[in-house]
Amino acid sequence: MNCIEMHQVRLEVDGQCYLDGADLTVAQGESVVIAGIPGCGKSFVPRLLLGLPGMEDDHVDVQGSVIVAGDSVLDLSSRGLQMLRRRVGSVMRDGALIENMDIRSNVTLPLTYHYQDTLGPDEIQERCDAVLEDLQLSHLGTPQLRPVAINREERRYASLARALVCEPFLLLLDELCVGLSPASAQRLCRRAFFYRPSFVTPLPEEPEAQSLKRTSALTRIATTVDLGCYLNVADRFVLLWDGRLETI
């Protein structure tokens with residue numbers, strides 16, 4: 001069963017073409033790394049899979065089809081996109097932690113935003129403690145500890161914890177290891193590609209979200225300019241070159 005299908009996708013942003021006839025199929029549970037030179041547009045691939053959030057003010061032209069968990073992302077309503085995004089974990093470039101919130105609030109943000117009506121405060125904090133402990137980050141759960149007080153590697157781990165706290169079926173990692181030492185990058189990659197949290201109480205399922213039902217297999221998509229730290233963790237490598245995605 002395929003988790004992702006992109007067919008003949010063409011993407012222009014502010015008049016510049018980044019994808020031109022791009023095709024990509026990713027099986028459920030597969031880990032795929034997309035490599036490319038800086039500025040080639042590889043970061044647009046995970047953003048496309050989420051329906052291009054945050055790009056409402058840009059001049060964007062998209063053609064082709066983008067299918068995630070059986071749904072056409074480009075045809076989803078606002079409600080449909082919200083339901084998709086709550087089931088996808090993402091670590092965007094530099095982690096994108098919110099600086100005026102402590103680490104606990106950053107990690108629990110997807111829960112408080114998407115599940116505040118179905119999860120109580122204690123349940124939310126229990127899930128935060130569980131994922132931080134699994135990632136050996138319990139020290140980051142200290143109340144009032146803000147992103148400015150932790151180092152670059154810890155920020156990435158905190159962002160990874162936030163991405164996994166909602167038990168996603170799809171994990172998107174955009175330049176996860178940029179700026180880290182080779183040893184730190186390899187440790188982080190192994191965590192991101194081999195760890196999946198397990199919680200005592202599962203999140204509630206929405207009846208209308210059957211196509212996004214959680215499965216035992218977590219699909220991972222990562223982008224990078226350097227394949228080195230991913231060589232021993234990914235199932236497949238894809239190169240973005242001249243607007244097309246080609247398996248290496």
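**Close-up views of a predicted model**

A search of the whole structure finds 2 aromatic pairs. Rings of Phe, Tyr and Trp (its six-membered ring) pair if their centres lie within 6.5 Å; planes under 30 degrees apart count as stacked, over 60 as edge-to-face and the rest as tilted. This is a predicted model: local features need pLDDT of at least 70, side-chain atom pairs count only at pLDDT 80 or more, and totals for chains, interfaces and linings use all residues. Residues are numbered from 1 along each chain as its sequence is written, and side-chain values use heavy atoms, leaving out hydrogens and water.

**View A. Tyr 18 and Phe 44 form a tilted pair.** Their centres are 4.8 Å apart, with 55° between the planes. Tyr 18 lies in strand E2 (residues 16-27) and Phe 44 in helix H1 (residues 44-49), so the pair ties together parts 26 residues apart in sequence. Helices (H or I, at least four residues) and strands (E, at least two) are DSSP runs, numbered from the N terminus.

**View B. Phe 193 and Tyr 230 pair edge-to-face.** Phe 193 sits in helix H6 (residues 182-194). Tyr 230 is in the loop between strand E8 (219-224) and strand E9 (236-241).

**View C. The structure holds 0 disulfides.** A disulfide needs two cysteine sulfur atoms within 2.5 Å. For Cys 177, the nearest cysteine sulfur is that of Cys 189, 3.4 Å away.

**View D. Glu 153 is in helix H5 (residues 152-164).** Its side chain makes a polar contact (N or O atoms within 3.5 Å; within protein, one must be able to donate a hydrogen and the other to accept it, and residues adjacent in sequence count only if both atoms are side-chain atoms) with the side chain of Ser 184, at 3.2 Å.
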